[in-house]
Amino acid sequence: MDLSLSDEQRLLVETVERFVADRYSGTDHSDLTKDAPFRREDWVSLAELGLMGLLRDEDMGGFGGGPIELALVAESLGRGPVPLPYWSSVVLAGALVDGQGMGAAMLEGELLVAPALLEPGARYDLGSVSTTVEEQRISGAKTVVPLAEEADCFVVSALEAGELGLYLVGRNAEGVSVRSYQTQDGVRTGEVVLEKALIESRIASGEEALHRIETGADLARIALASEAVGCMAALSGLTEEYLSTRKQFGRPLAGFQVLQHRMVEMRMAVEETRSIVLVAAREAAGSGRTEQARAVSAAKTKAGRNGRHVAEEAVQMHGGMGMTMEYPAGRYMRRLMMIETTLGDADYHAGRFSRLMAVPAA
Amino acid sequence: MDLSYTPEEEAFRAEVRAFAIEKIPEAIRDKVRRGRHLEKADFVTAHKAFAERGWSVPGWPEELGGCDWTAVQKHIFDEELALASVPGRIPFGTNMAAPVIIEFGSEAQKERFLPPIRSGDEWWCQGFSEPGAGSDLASLTTRAVLDGDHYIINGQKTWTTLAQYADWIFCLVRTDTEVKQQEGISFILIDMKTPGITVRPIILLDGRHEVNEVFFEDVRVPVENRVGEENKGWTYAKHLLSHERTGIARVGHSKHQLGVLKQIATSEQSEGRSLIDDPYFRAKIAELEMDLMALEMTNLRVIAAADGPTPLEQAGMLKIRGTEIQQRLTELIMEAVGPAGQPYQPEALGDRWNEPTIGPDYAVPAAPTYFNWRKSSIYGGSNEIQKTIIAKVMLG
């Protein structure tokens, strides 16, 4: 076991941090009613940095990274925060379309794939699917699909003769309509309606489709939880700085013990979450499915609970400043709340962990 | 970063496990497993088994009998011993007195004191807290006045763990009352057999004699028993607090107790099913297990990152989270046994008890352990003090 970053990992982190600083520091998030366009060039930049192929083998033109590298990248993105759904259109999409010969175009950033799995009313259950395929045509509805409008194609889960499958559907295919909006944190997203749209191909079916969805979603959850760590670390840093500079009653807020102790709790929540994400990354790299799912759920639970705790504490300790759209604390809070409600919230994952928990034989 | 254990680390784990099972008597491990009280002889027997193997003082420099282990090996060592129900090692000699003697003591002190600590032939206790000096330790008033080549010591220490077994006590005493509090304290080693020392038991919430008051009345201690310089004791005490903190989170112990909790919750029946199948109770165990998984990784991160002493704020975080989890475990075990935890039967936890217990065997230690472990967020610098220390490092 080696807990220090390798040179390669350190370089990776520095690269992403530089990208985030160059493109996203000082971004004006103050008006969410303003249409924040998705900048395709940012996506291409991510590709140029090699981040599209982070998890792809080196002989396939990828970086050859694993879940730990994914966690490192995602944490750095979270520090932005960066309104690009890396977890979705890179991590989840990559797992869903693996081996489909789309690798090269995705690596270049030329082909943008949006997973469209979740259906309205299904909450967090990706297995609850009523979209259907008949005679090469697909019909149904998918909800909160990141980059729905901007994508070149969707990977859609659907039932064909009662069997689950994954299908590739072109964004501009006839019968595809998208209602586009941005989420609370400014990520371009949309509702997708499919009315007898022609599918391009079937990627997988049955057990294989289910396996791709489950393992892909778990990898994406590691990315989301680690992104939450980045948001939380940034919030903790902002709050420390604020308490040290803001004076009331003739002394810095940092001098008040009631705030000191809350600040320490905040920092511990960040470290605890970073640790559990590493556990999930370790398990995802080498354990059995149950251990993987369990550790991922632990990470997502902690990211949810601690993320909310840190965000709420940060706003509280900033006082009125924390309430403003203008001050950066809010954008991390918004991102954290979106992470919490994506691919299962803390209660959902605590429940999954609880069911999968190892217990002695009765 | 590579978070998997190497084959060498796995081999080490197997070696530690085999040692624990073969060399620590089953009767002692059975007591730990069943939450029974340990006698002095149990601790000494275990210590001597470690000493024979060369593992009684792993944190010491190698030339003094320590082990040249990596942080990960130390973690594995602690974890495997705990999982095999080996008694926790008493830290007062090996991890508290010794590091100060090694760092600041004279050659004569090292020769005199270190070998019997290593072998387990001498038992140490800690004389820091006083009735008027708890979290505010620097306000201590036990006085040492120089009289020729002796100090005359008067005062009182309290909460002294297992002083009733101790051969020696290391004390912080006031040697100068004219200067700033922290600058008038010395670190001194006192033979418990010296005339003028009285040990009185304090019975804790669980009904047990674990800690004591220690009174000093004109106790004459040779000057050569002072460690390092006069009035530098506060610095030495701080050194002690940053030494060997790998075990502070007690991850292995908590893993062991999590196993105990799950076993009890599986045995206990509630409304026609195992308690562990009650989703509400099961969720509480699940949350605790997640906390523990995170703590284990934090512990590894901290000990692997620290080259030398553990930074105070990180040790503080491990102490806070570690004790919160330890206490939570005792709470859930208490909840799991339910009414079976009500009978007060302290004698059933001792060695000389051969009668049947009231209720299931596993219920007997539940309440005493719950009461006893309230101490963990108070001792070693209360968790509130830890937060104040961490905040000072973070916020300046």
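**Note on a predicted two-chain model**

1. F249(A) is exposed, with 8 other C-beta atoms within 10 Å. F249(A) is not a glycine, yet its phi is positive, about 55°. Its place is the loop between β9 (247-248) and β10 (251-252) of chain A. Helices (H or I, at least four residues) and strands (E, at least two) are DSSP runs, numbered from the N terminus.

2. The model is predicted: local features need pLDDT of at least 70, side-chain atom pairs count only at pLDDT 80 or more, and totals for chains, interfaces and linings use all residues. Residues are numbered from 1 along each chain as its sequence is written, while chains are lettered from A and ligands numbered from 1 in the order in which they are written.

3. Chain B also has a residue other than glycine with a positive phi: R250(B), near 50°. R250(B) sits in the loop between α7 (233-242) and α8 (251-267) of chain B. Is R250(B) buried or exposed? R250(B) counts as buried, because it has 22 C-beta neighbours inside 10 Å.

4. The peptide bond between G80(A) and P81(A) is cis, with omega about -15°. P81(A) belongs to the loop between α3 (67-78) and α4 (86-96) of chain A.

5. Chain A is assigned domain 1 (7-110), domain 2 (114-205) and domain 3 (208-356); such bounds come from an automatic or database domain assignment. Over C-alpha atoms, the centres of domain 2 and domain 3 of chain A are 29 Å apart. Between these two, twelve residues of domain 2 are in contact with 15 residues of domain 3, contact meaning C-beta atoms, placed from the backbone, within 7 Å. On the domain 2 side, β5 (163-170) and β8 (201-205) of chain A each give two or more residues, and β5(A) has the largest share, three residues. That side has six nonpolar, five polar and one charged residues. Nonpolar covers Ala, Val, Leu, Ile, Met, Phe, Trp, Tyr, Cys and Pro; charged covers Asp, Glu, Lys and Arg; the others, Gly among them, are polar.

6. Where do chains A and B meet? 37 residues of chain A are in contact with 37 residues of chain B. On the chain A side, two or more residues come from each of α6 (206-245), α7 (257-286), α8 (289-318) and α10 (346-356). The largest share, 15 residues, is that of α7(A). By class, the chain A side has 19 nonpolar, eleven polar and seven charged residues.

7. The largest nonpolar core has 154 residues, and I222(A), A280(A) and A299(A) touch the most other members. A nonpolar core is a set of buried Ala, Val, Leu, Ile, Met, Phe, Trp, Tyr and Cys residues joined through C-beta atoms within 7 Å. Apart from it lies another core, of 41 residues, including L140(B) and F170(B).

8. Chain B has twelve helices and ten strands. Of its 396 residues, 43% count as buried.

Key:
Buried ≥ 20, exposed ≤ 12 C-beta atoms within 10 Å, placed from the backbone.
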